[in-house]
Amino acid sequence: MILSMTGFGRSEGVFDGKKITIDLKSLNSKSFDLNIKMPLRYKEKEFDIRKILNDKILRGKVDCFINMESLTDSSDVSINKDLVKSYMEELKKISSDGPDFEYLKMAIRFPEAVSTRPDELNENEWIFLSGLLNEALEKFDQFRKTEGDTLQEELKRNIRSIESSLSQVIPFESERMDGVKERYRKTLNEFDNIDETRFYQEMAYFTEKLDISEEKVRLAQHLKYYLEVMNDEDFNGKKLGFISQEIGREINTLGSKANHAEIQKLVVKMKDDLEKIKEQTLNVL
């Protein structure tokens, strides 16, 4: 099955008066490229979060945003009023020329004038946070599957279109070779004293060089293999990319050997379909 590298998942919950929101977003990338933004409170768990995301997402340019919002009016900051007053009294003893506000600005900068409540992550909060992370990942995976289903249908449609163009080449093959032979016969009639045996040997060699039977067979095989891998293998983006390169080689060789206007038109159409396939394949996980 096809999974898209484009994904989105969100989860949110409330723990101990704090609303925690997790957003996951990803775009296509050749490897796993993770950018995390989170409150300082959760920094100690960054390695664990990265491992969870890497194991589940596998590949893509991923942004993970963890936000925390306090739902209570309580403040984590407290001012030691008695200590600040003592600082101010001592400052006035040194110099009594300034206003109280100036002494307050200096006193508030002194040690232990302002204190904050310890902001340590406990085990229960980490369990809650990891649960939210897994919930966001489940939604993220579902988004990838939905996008992948759409992507798979588009890829099938373009592969079938190339198959259709390839089948339309067949009626022009005999016409093409007859045209080549006719041009050779006219050339033969225009000159005297030509070694006919050597001439027909050269014509046979040239005709063989223009033969596209092998290219058609290989192209058909590559198209069939692409569909098989797409339908039967998981995490197949890179493999599909390699197969699309092989498809491109056969189409290019077909075009260089075509020597026929209608076949060239079909080759151009196949190249257009292949470009769509390559672009779409870049987004397959």
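Start with Lys-18 in this predicted model: setting aside neighbours within four places in sequence, Lys-18 is in contact with Gly-13, Arg-41, Met-68, Glu-69 and Glu-125. Lys-18 sits in strand β2. Is this lysine buried or exposed? With a relative accessible area of 10%, Lys-18 is buried, because anything under 20% counts that way.

Asp-16 belongs to the loop between β1 (7-15) and β2 (18-27), and its relative accessible area of 64% makes it exposed. Asp-16 also has a phi near 50 degrees, a positive value in a residue that isn't glycine.

Now step back to the sheet. It is an open one, with 4 strands in the order β1-β2-β4-β3 and mixed pairing. At its edges stand β1 and β3 (32-37), each with a single partner strand, so one side of each has no neighbour in the sheet. On average, and ignoring direction, neighbouring strands are turned by 10 degrees against each other. Strands in a sheet pair through backbone hydrogen bonds, in either a parallel or an antiparallel way. For β3 and β4 (residues 60-70), the pairing is parallel and runs over 6 bridges. If you want a spot to look at there, find Asn-35, which stands opposite Asp-63 in β4. Helix α1 (residues 46-57) packs on this sheet, where it touches β2, β3 and β4. The direction of α1 makes about 140 degrees with that of β3.

Phe-235 has a positive phi of about 50 degrees, although it is not a glycine. Its relative accessible area is 51%, so Phe-235 is exposed, given that the cut-off is over 50%.

How do α7 and α8 lie relative to each other? Helix α7 packs with α8 (residues 261-281) at an angle of about 165 degrees, their axes 10 Å apart. Angles over 145 count as roughly antiparallel, and that is therefore how α7 and α8 run. Their crossing is left-handed. On the α7 side, the contact includes Gly-237, Gly-241, Gly-248 and Gly-255, along with residues such as Leu-240, Ile-247 and Ile-251. From α8, the contributors include Ile-263, Val-267, Met-270, Leu-274 and Ile-277, as well as Lys-271 and Lys-278. Sorted by class, the contact of α7 with α8 has 10 nonpolar, 8 polar and 2 charged residues.

Technical notes: Residues are numbered from 1 along each chain as its sequence is written. This is a predicted model: local features need pLDDT of at least 70, side-chain atom pairs count only at pLDDT 80 or more; totals for chains, interfaces and linings use all residues. Side-chain values use heavy atoms; hydrogens and water are left out. Helices (H or I, at least four residues) and strands (E, at least two) are DSSP runs, numbered from the N terminus. Buried means under 20% relative accessible area, exposed over 50%, partly exposed in between (1.4 Å probe, protein chains only). Axes are lines fitted to C-alpha atoms, for helices over the stretch in contact, and angles run from 0 to 180 degrees between N-to-C directions. Angles under 35 degrees count as roughly parallel, over 145 as roughly antiparallel, 65 to 115 as roughly perpendicular and the rest as oblique. A crossing is left-handed if the near helix is turned anticlockwise from the far one by less than a right angle, and right-handed if clockwise. Contact means heavy atoms within 4.5 Å. Ala, Val, Leu, Ile, Met, Phe, Trp, Tyr, Cys and Pro count as nonpolar, Asp, Glu, Lys and Arg as charged, and the others, Gly among them, as polar. Two strands pair if DSSP finds at least two bridges between them.
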